[in-house]
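Dear colleague,

Please find below the structure that I am handing over to you. My notes on what was found in it follow directly after.

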Amino acid sequence: MTSYTDKGEKHAKGRFVKFHHLTFWVGNAKQAATFYCNKMGFEPLAYKGLETGSRQVVSHVVRQDKILFAFESPLNPGNEEMGRYLIKHGDAVKDIAFQVENCDFLVKTARERGAVIVKEPWVEEDSHGRVKFAVIQTYGDTTHTLIEYLGPYKGLFLPGYKESLFKDPLLPKLPTVALNFIDHIVGNQPDDEMVPISDWYQKCLLFHRFWSIDDKQIHTDYSSLRSIVVTNYEETIKMPINEPAPGKRISQIQEYVDYNGGPGVQHIALNTSNIIEAIVNLRARGMEFLSAPETYYETLRQKLKTAKIKVKEDLDVLQELKILVDFDDKGYLLQIFTKPVQDRPTLFLEVIQRNNHFGFGAGNFKSLFEAIEKDQDARGNLKILTPGGQTKAFK
């Protein structure tokens, strides 16, 4: 495991401020948004569709504190771009939007350094203000939208959006979850594509390496991964880039790539200041989580006896809720992972609480892999790799 202190080159002008929102392309935006509201504690925020004059695409935006998700679907038959995407990837994260300063300069720099500009900068406005946008291609079919506010913007979300049409009377009756902001977003890549993608972020967006780990450190008997985390100069945007490493069986990273039809967003980590309350209430809402084995907590208790830090939370409660703990000499984090949030074993969510710890749970990866491999086995996707590179189902 390696942490990096060199922030590299800083933009001469402009900067990447923070995650702005995520856009999901889905088969039914209304129902997808409802799932995240009912199960994950989001609330309807804004809407764009036929009633607002949007004739081609509908968009339902939901919010939880600083977390914004937009779910989009085609409104008409024959939308080839969205149709091809959904056939290939299923419901998935299409775009990771960043709030930026000086969009024009960032796009100019990215273009000069080899980035593909999907859409040149343009401005949209309504009675609430003006916003500049641009779109850059990243890994696979995923894009980054750059969003620059041209003065104060007082609308609910972005120009063209109106208040959501429907307020679900059920939502106020459900327990609150209190997820606060996007901690990091993980992109899975095919084998040997992690380094080129992380290099792209460093070259084109002037991000820098923040953290990395390789398969010698993170593996089980069956699968392993390599990961490089890239971040902006101010380190407000964390983007882990993962790839599978050779193992005895098909790794969970490779399973993702196979079912997603290539690289894409594997999981979204959502930060909370009270993970115990959040998970109790998420379980009450019906969210499904991966379960670490009981032996994990026996080992954890032994390790904590000689640790330089003390976990404030009750370990019995953490064990009951299946929350994982990772720590170093300075602090610790608590984390848990949902099962995939759609039928394809692709996208899932993480809930994370940090206590002076800025890693990504490397100490938990082995237990996480083992939990995922149980689910892979149930799906018939934990397969043995034969010497010839072929696979056969694990029995």
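The lining of the largest pocket comprises 12 nonpolar, seven polar and seven charged residues; here Ala, Val, Leu, Ile, Met, Phe, Trp, Tyr, Cys and Pro count as nonpolar, Asp, Glu, Lys and Arg as charged, and the others, Gly among them, as polar. This is a predicted model, in which local features need pLDDT of at least 70 and side-chain atom pairs count only at pLDDT 80 or more, while totals for chains, interfaces and linings use all residues. Residues are numbered from 1 along each chain as its sequence is written, and side-chain values use heavy atoms, with hydrogens and water left out.

The volume of the largest pocket is about 800 Å³. A pocket is defined on a 1 Å grid over the protein atoms alone, as an open set of points where a 1.4 Å probe fits, with protein on both sides within 12 Å along at least five of seven lines; lining residues have an atom within 4 Å of a point. Grid points are joined across faces, edges and corners, and the volume is the space filled by probe spheres set on the points. Of the 26 lining residues, E72, K119, W122, V135 and T145 lie nearest the centre of the pocket. Two or more lining residues come from each of β2 (15–25), β5, α2 (80–89), β6 (92–101), β7 (117–126), β8 (129–137) and β9 (143–149). Strand β7 gives the largest share, four residues. Helices (H or I, at least four residues) and strands (E, at least two) are DSSP runs, numbered from the N terminus.

I turn next to the aromatic rings. The structure holds 23 aromatic pairs; rings of Phe, Tyr and Trp (its six-membered ring) pair if their centres lie within 6.5 Å, and planes under 30 degrees apart count as stacked, over 60 as edge-to-face and the rest as tilted. F35 and Y36 form an edge-to-face pair, because their ring centres are 5.5 Å apart and their planes stand at 80°. F35 is partly exposed at 29% relative accessibility, whereas Y36 is buried at 5%; buried means under 20% relative accessible area, exposed over 50%, and partly exposed in between (1.4 Å probe, protein chains only). The rings of F42 and F69 are stacked, since their centres are 4.9 Å apart and their planes are at 25°. This pair links distant parts of the chain, with F42 in the loop between α1 (29–40) and β3 (43–48) and F69 in strand β5 (residues 67–74), 27 residues apart. Both F42 and F69 are buried. A cluster linked by ring pairs contains F16, F19, F98, W200, Y201 and F207.

K94 sits over the ring of W25, 5.0 Å from its centre, and K238 over the ring of F210, 4.6 Å from its centre; the criterion is NZ of Lys or CZ of Arg within 6 Å of the ring centre and within 35 degrees of the ring normal.

K18 belongs to strand β2 and is partly exposed, with a relative accessible area of 40%. Leaving aside residues up to four places away in sequence, K18 touches A97, F98, Q99, T236 and I237, where contact means heavy atoms within 4.5 Å. Between K18 and T236 the C-alpha to C-alpha distance is 5.6 Å, although they are 218 residues apart in sequence.

Yours sincerely
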